[in-house]
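Here are a few exercises to work through with the model open beside you. Try each task before reading its solution.

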Amino acid sequence: MGKKKGGKRLGKKQVSELLQNLFQHNPNETFSFKQIFKALKFDTHPLKMLAIDVMEEMAWDDFLSKVSDNSYRLNMKTQVQEGIFRRKATGRNSFVPDDGGTPVFVAERNSMSAMDGDRVKVSYMARRDKHIKEAMVVEILKRAHDTIVGKLRVTKDIAFLVTPDSTFVHDIIIPKRKLKGGKSDDKAVVKVMQWPDSEHKNIIGEVIDILGKTGENNAEMHAILAQYNLPYKYPKAVEEAAEKIDATITPQEIARREDFRDVFTCTIDPKDAKDFDDALSIRAVGNGEAQKSKGQLWEVGVHIADVSHYVKEGSMIDKEAVKRATSIYLVDRTIPMLPERLCNFICSLRPNEEKLCYSVIFQMDDEANVKSWHLAHTVIRSDRRFAYEEVQQILEDNGVKDGTGEPAPPATKKHPYKGEYATELIKLDALAKKLRAARFKNGSVKFDREELHFDIDEKGKPIRAYFKTSKDANKLVEEFMLLANKTVAESVGKVKKGVKAKTLPYRIHDQPDPTKLENLREFVAKFGYKMKTSGTKGAISRSLNALMSSAEGTREQNAIETVALRAMMKAKYSVHNIGHYGLAFDYYTHFTSPIRRYPDTMVHRLLTKYQEGARSANKDKYEELCEHCSDMEQISQNAERDSIKYKMVEFMEDKIGNTYDAHISGIQSYGIYAQIDENHCEGMIPIRDLGDDYYDFDEKNYMIVGRRHHTKYQLGDPIRIQVARANLEKKQLDFTLADD
């Protein structure tokens, strides 16, 4: 033991922490013993000897590198890495290394006030616990953004911003002259003027926008968007540019296009949709070919709004669309990619209006085998706008049992089909079911997840929570969109050997993570299920589908689906095609939603150019756009999830004390997540509330186990919960185990 100023005795732990701090805060420096002793004021012989022993151990642990017999430096090779910082509302901040390694925990005190998405350099800390790896931010290389969203607190002398998760160690101070009229409890967007440094511990900012009072629906939804740096209003100049677009369809334009105005055409969308970007047409055709196929031939048109006819590349509207890359769907609103005049009026395929489309026209037999197809610029007039529920009702009224894969029985003179355009809808449904069956037979993975939805009142308050499942009417539309996307991707990507395919943005989906698949196999074995984790892609996906079917309706269904989804990679956009694993398609793109997704607009433009004989487009330019679109898709999904979380907490805040049947939907080292069975609202039970025991986290088996009483909580287990707390600010529900 040694002594320090004031006679305070220092043990091995304190010496270790002092040395660790010294090296981490000076990652590029080599220190001699003499410099170390001086810097840390180690002035007694025992203390110096202890420090030398500790450094020796740190070198054994690869934390330090021995430069000479009496000098050390931080081991940069294993201890310093670059990557992305992720800030979490739970305080479980993490560092995601560039090499794709496992995220590493970063305590707030070691974060240097890094923001979510910042590019940082970290050094790894000497482990206090052999199971927990920690990192410390030593440099912020690039800020992801410089705005922070929170609630203002204004006092007589000072104003500051309180962030929703209160994770910053120091307040964000706002000079009073920079408040922009903001008052206490206003939700505000603040731009950082000065980040913390060695002299100043606080972030200094200025208000750039007041969103409204905390708790007001508009203010809260805008705050979610602003938090992700997403737009919450449309630039006036872009809206004005859209107002100037001439929507007239001239006779010359019609003459250049295939005319489908007299063919039965309809749109099928959610009942509250305003932007209809796809329509379906169907008619019986041909004799010669029909004789050969021994049955009727059907012409099915997949008609997509011709956005690129109106939005020219490089225009002001196009630049704004590139920036946004996608429409964002919050619980109570849509933040469109395009100005309202385009997405809801000019391009929207509204009934009884002539509209310009880019269409994939198929000729198929009764078995849905595609006999021929072509791509064409068209003009259509939709006969009817259907909501999914209306089509579902027509199918069921005519004997279709949802989800069975069986089409309606044939109509007879005695029993004709009931409902407007029922004959056409029933034929489309029958063809879609054949396409779907063939897709699954070829190895497409079947995931029919339920989605949480809310009915909300005029003030935006949720009054009912329910979950939606995909029914036959939804699947009808989905199959024809998948077919169109696949077909146009093949038309560019599928070339003869030795011929180079032209550039196209593909929607790609990599094979599942083999380790996670093996984890899934081991996990489902506990419930008595078997599945393949090796063999051909098709064999694995068919095995996955068999597993999903076997688990359907069981209490472990949710847990198995959750673990299976975690094994899957995320789909993204790229000009480098690797196929789409989940759909089992070798070529797949996005062509069918140009009103709400920018990649579809890119695909439309390229297909048009290639039809006109143009050379291949620049790969690098389009890959950069693909990466941007993939990033924006992920960010907008996070915002969508946050809006669902907010409404979920708002829906449950008057139900504190109520008890519900639930199941465990997630396991973490700090608590278990549970989802209420009747409304799918999810909350967390902190480990500390699980009773008088210490729990070990078994990550591989998705469970926690008590050391003393061996109580187990596993993913999928049914439990009874009581609603304990609802924190709107943090979008967080806390449950406890119910006594009843």
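The exercises below go from strands to a barrel, then to rings, charges and domains.

This is a predicted model, in which local features need pLDDT of at least 70 and side-chain atom pairs count only at pLDDT 80 or more, while totals for chains, interfaces and linings use all residues. Residues are numbered from 1 along each chain as its sequence is written, and side-chain values use heavy atoms, with hydrogens and water left out.

**Exercise 1. Strand 22 and its partners**

Find out how enclosed strand 22 is, then trace its pairing with strand 19 and strand 23.

Step 1: Locate the strand. Helices (H or I, at least four residues) and strands (E, at least two) are DSSP runs, numbered from the N terminus. Strand 22 covers residues 354-364.

Step 2: Check burial. Buried means under 20% relative accessible area, exposed over 50%, and partly exposed in between (1.4 Å probe, protein chains only).

Step 3: Look for partners. Two strands pair if DSSP finds at least two bridges between them. Strand 19 (residues 297-305) runs antiparallel to strand 22, joined by 8 bridges; here I304 stands opposite Y358. Strand 23 (residues 370-381) is also antiparallel to strand 22, with 11 bridges, and A376 is the bridge partner of S359.

Step 4: Follow the turn. The hairpin of strands 22 and 23 has 5 residues between the strands, and A368 takes a positive phi near 65° there.

**Exercise 2. A closed barrel**

In which order do the 5 strands of the barrel close?

Step 1: Go around the barrel. The order is 11-12-13-15-14, with mixed pairing.

Step 2: Pick out a parallel pair. Strand 13 (residues 172-174) and strand 15 (residues 203-213) share 2 bridges in the parallel sense, and I173 stands opposite I204.

**Exercise 3. Rings and charges**

How many aromatic pairs are there, and what is the geometry of F23 and F31?

Step 1: Apply the rule. Rings of Phe, Tyr and Trp (its six-membered ring) pair if their centres lie within 6.5 Å; planes under 30 degrees apart count as stacked, over 60 as edge-to-face and the rest as tilted. The count comes to 10 aromatic pairs.

Step 2: Classify F23 and F31. Their centres are 5.5 Å apart with 85° between the planes, an edge-to-face pair. F23 is buried at 0% relative accessible area, and F31 is buried at 7%.

Step 3: Compare with Y695 and Y713. This pair is tilted, at 6.0 Å centre to centre and 55° between the planes. Y695 and Y713 are both buried.

Step 4: Look for charges over rings (NZ of Lys or CZ of Arg within 6 Å of the ring centre and within 35 degrees of the ring normal). R143 lies over the face of W195, 3.3 Å from the ring centre. The charged end of R464 sits over the ring of Y466, 4.0 Å from its centre.

**Exercise 4. Domain spacing**

What distance separates the centres of domain 2 and domain 4?

Step 1: Among the domains are domain 2 (80-142) and domain 4 (653-737).

Step 2: Take the centres over C-alpha atoms; they are 27 Å apart.

Technical notes: Domain bounds come from an automatic or database domain assignment.
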